[in-house]
Each structure stands twice: as C-alpha cells, then as structure tokens.
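Colleague: I am new to this protein and would like a short tour. Could you take me through it in a few questions?

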Amino acid sequence: MVRYLPSVGMEVHAELKTRSKMFCRCPVAFGGEPNTRVCPVCLGLPGALPVPNRAAVEMVVRTALALNCQIAYDSVFHRKNYFYPDLPKGYQVSQYGETNPIGYQGWLGIPVKGGGTKRIAIRRVHLEEDTGKLMHLPSGGSGVDFNRAGVPLMEIVTEFPPDIESADEARDYLVQLRSILVWLGVCDGKMEEGSLRCEPNISIRPEGSDRHGVKTELKNLNSFRAVHQGVLFEVARQSAVLDRGERVVQETRGWNESTQTSFVMRTKESEQDYRYFACPDLAPMHFEKDWVERQRSELPELPLAMQERFQRQFGLNAEHSGLLVSDRDWAEFFEESVRLGGDAQVVCNWMNADFAKLLNESGQRARRDAQEDDSTASLVTPAHLADISRLILNGTVNSKVAKQLLGEAFATGAMPSRLVEQRGLTQVSDASLIQDAVARVIEDNPGPVDQFRSGKEGVIGFLVGKVMRETEGRANPSLVQEEMRRQLEK
Ligand SMILES: [Zn+2]
C-alpha cells in the first residue's frame, strides 16, 4: 500500500468586532429582522460612496503584528468581481497581491506534544467585506438578507506549500488562531454564528514525492471538531480515489455534519475570473512606521507565550496553564490573584475546578476589574481567591470548609477570612479535641474497627469521615487520619 502525506492550507475568515460596517455606518450585529441594517452604501446603490472604517483597519494591523507579519506600509483595496445574489455591488472590496495585503509573510506557533512549538507560515492577512446571506423562505423560493453585507471581514491565509500536515495540526492551528483573535478583541470567535469561518484546502501526495496533489476545499465547518473530522474524511476519501487509480478533482466540497461526509458543491473558479483591480472609490492606505511600531509595542502577551510563562514561572503543568489562558480575563484574574498573595497552584486549582463550575452554572464571568454595576460579573474577585489560598495554606480551614466559603463569597461577595472570624469556622488542629473525637468514633463503630484490624484497611476512610462529620467538617483531615491510624493500631 502507498502511504500518503496530507497537506492542509487554511483560509480563515473572521468578522471584526467593530460597531459599524466596513464602509458605512450601519451597525454590526448577529440575527435580527432581515434587511434592517442596510443603507445605500452597503446595498451598492448607484452614487453611494464608501468611507473605510478606521477601527477595522487598526484591528487588522494589530492581528498582522500578532501573527508576526510584515506590514504593507502602503496598501490598497481592490474590487473582486463576480456575480452572486448575496453580493449587491457585483464585486467585493478585498485586497489582492503578494505584498499589498495589510499583513504578509508571518507565522503562528502551535504547541507540539512533548513541548515546544511548530511554526505555521502565514501568507497574508487582509481586510475585505462580508457578503449577504441567502435564505430559503418558508413560502418557497429564496430571499437575500443584506444585514451582513459590508461587515468588516479579515482573511488569514496560510503559506503554500502548507506547513500543516495532519487533521490534528489543522485543528490546533485554528484553536490558536481563534484564541489570538479573541484575545486581541478583534473577533468574538463564535464559529456557530459564523463570525469565525474556516475553509481548509486539502491535498495528499504519495510518501517520497514532493509534488503536491490536487486540492479540494471544504466549506460549512462550524466547529473545531468539524474541521478535524472534515480533514480526516477528505484525506481518506482522496486516498481511496488514488488507490483506485483515479484522479482527485479540484473542487469545493461541503461538509455534512449529520453524515460526517463531504459532498461536491462546485468546481473551483480560477483567480483570473475575478478581474481584480484597485477600487477607484477608495484612497490608498498609508501607515506611518512610528504608528505601526507603537501598535506593535502595545500588543498584549499572547496566550501561548503566557501559558509557557505560567509553566516556567509558577511550575504549573501544561494542561492547567492551558486552561488559565483559555480566556484573557481568566488569565488576568489568575495573575492578579497571585499578585495579591495567592499561591499559584492553589489559586489555579480552585479557578479551574470549583470557581469555573460556579461560573458555568450561573452564566457569570470572572473579571479582574469588575465594575459593581456589571450584572454578568462574578462577585468573587482575585482578592477572594488569594484569601482562600491563604486560609488553606496556613491550615485555618480545610478544603471542605473552603468550598463552602467560596460558595458564600460567590453568592454574597463576603470575604472568606471575615466569614471565618464571624463564625468560628477555624479548622480544628487541636490535638486533644481530635484525640477525643477519634476515640468516640472508635467506640461507637465496633464493626468497622474489627474489619480494619482484620486487614480491611480501606475502612479507615469511613471512620475518618465519621470524625469529620462529628466536627462539622472543621477537623484537619490529615491530623484525623494520622490519629485514627495511631489509635486503631494501638
Ligand atoms: Zn450600510
């Protein structure tokens, strides 16, 4: 059997999180009544003139810098001409050329199993506008909703030949890219709503050959899982085609989520069909070098770099620190809590388990600098977790009581150490109190005690549990365990 090597190019479209559209002042939003966010500019009515959205341009520059791209100090908009009912102007404003897109020749690092990163070369990061949406009407026939037409869209394309060589890497690339876009605040990253769309192109070649095969492009992938499954499916499908002695046809294929298979949508247009030319309605853009350098210096530390730093600086493992950087507010919350005296590992454990669970259940968010009038922000602040971490580490409370304290802090905003003072929840480490409680439990439970003495060591957990109940969960569990064993083995 011939072994085939996959190559995957990635084309990602990200809707930018601006308030208004790319060339007009219509608002950007998801859903709503069709054709309620339109005007002569985004409908392409004769005589309407576009004005570029400065915020969108800046977002693309910041993204390009974060993706290690060269910046085109002079960059122009082109018209990409084609006819389709969702495109009111008959062309899409886009950016053409190798060194004209705002960003070009960059790279993105993806984590490699066992440590380190692999660089995925990026060919370009450019700015364009989104199209409308075709929809099937309940009464039959089709309609067009232009609410999305003219929404600023950033396209990020990997270099050819592609560095991505597996379905896993394709997914990892998208995970990292999405994480950076959300981190920078340029895209909300909602794949299910289409604000982040990924179209991988996939080809295979026999092992040993350096000639890249014919590629097919996949559409309708609206989750990381779909990207992974889609690439796996295409590699298998193309391998079967070549094994039968047939040829792979260059085409665009759709992904069917329910059957987990791809189907032919259309054979691919070639680039010349678009008759690109510089848009005469839009002035060329020019970026000052100083301004670009300022943007570069103001970039935040990016998620993967921060994750690696958390591992180095705090000794956290890759999984724990990966969870912390899954969201920028979350990561900043963690750092602030550590800065306020929390122990990194303790704070990390509580954030990723109990605190995350409380947030999930309530639909709230953790913010480092939450405002009081923000109803979606949790009342638990970094100071609360630092406080809990101190109470645990100095032995004031055990983790069971700490859990109750976190629950109360979550509901009321009360500081855990204050609650401990008010209610005397201090952990019992007093040796004589523990000795007495253990002795009582041994006396009251002759059956389990006999079992322990005849070799069933596991019973000790049951007996320790009894002591914990008797002390209302306040006894220091490791002292209880020690004392229980001492008295049983007497
Ligand atoms: Zn408009």
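This is a predicted model: local features need pLDDT of at least 70, side-chain atom pairs count only at pLDDT 80 or more; totals for chains, interfaces and linings use all residues.

Colleague: Let's start with the overall layout. How many residues of domain 2 are in contact with domain 3?

Modeller: The protein is divided into domain 1 (4-290), domain 2 (301-423) and domain 3 (431-488). The centres of domain 2 and domain 3, taken over C-alpha atoms, are separated by 33 Å. On the side of domain 2 that touches domain 3 there are one nonpolar, two polar and one charged residues. With four residues of domain 3 as their partners, the residues of domain 2 in contact number four.

Colleague: Thanks! Now the inside: which element gives the most residues to the largest nonpolar core?

Modeller: That core has 60 residues, and Val60, Ala64, Val125, Ala170 and Tyr173 have the most contacts inside it. Among the elements that give two or more residues to it are strand E1 (4-15), helix H1 (54-66), strand E7 (117-129) and helix H2 (167-184). The top contributor, with nine residues, is H2.

Colleague: On to the strands. Which residues form the covered face of strand E12?

Modeller: In a regular strand, side chains alternate between the two faces of the sheet. Strand E12 spans residues 216-219, and Glu217 and Lys219 are on its uncovered face. The covered face is made by Thr216 and Leu218.

Colleague: What is the handedness of the crossover from E12 to E13, left or right?

Modeller: E12 and strand E13 (residues 251-256) pair in the parallel sense over three bridges, with Glu217 opposite Thr252. Between E12 and E13 the chain passes through helix H3 (residues 224-243), and this β-α-β crossover is left-handed.

Colleague: E12 has another neighbour, I think. Which residue of E12 is the bridge partner of Ile202?

Modeller: Strand E11 (residues 196-206) runs antiparallel to E12, and two bridges join them. In E12, the partner of Ile202 is Thr216.

Methods
Residues are numbered from 1 along each chain as its sequence is written. A residue is buried if 20 or more other C-beta atoms lie within 10 Å of its own, exposed if 12 or fewer, and partly exposed in between; C-beta atoms are placed from the backbone. Helices (H or I, at least four residues) and strands (E, at least two) are DSSP runs, numbered from the N terminus. Two strands pair if DSSP finds at least two bridges between them. A crossover is right-handed if, with the strands pointing away from the viewer, the path from the first strand over the helix to the second runs clockwise. Domain bounds come from an automatic or database domain assignment. Two residues are in contact if their C-beta atoms, placed from the backbone, lie within 7 Å. Ala, Val, Leu, Ile, Met, Phe, Trp, Tyr, Cys and Pro count as nonpolar, Asp, Glu, Lys and Arg as charged, and the others, Gly among them, as polar. A nonpolar core is a set of buried Ala, Val, Leu, Ile, Met, Phe, Trp, Tyr and Cys residues joined through C-beta atoms within 7 Å.
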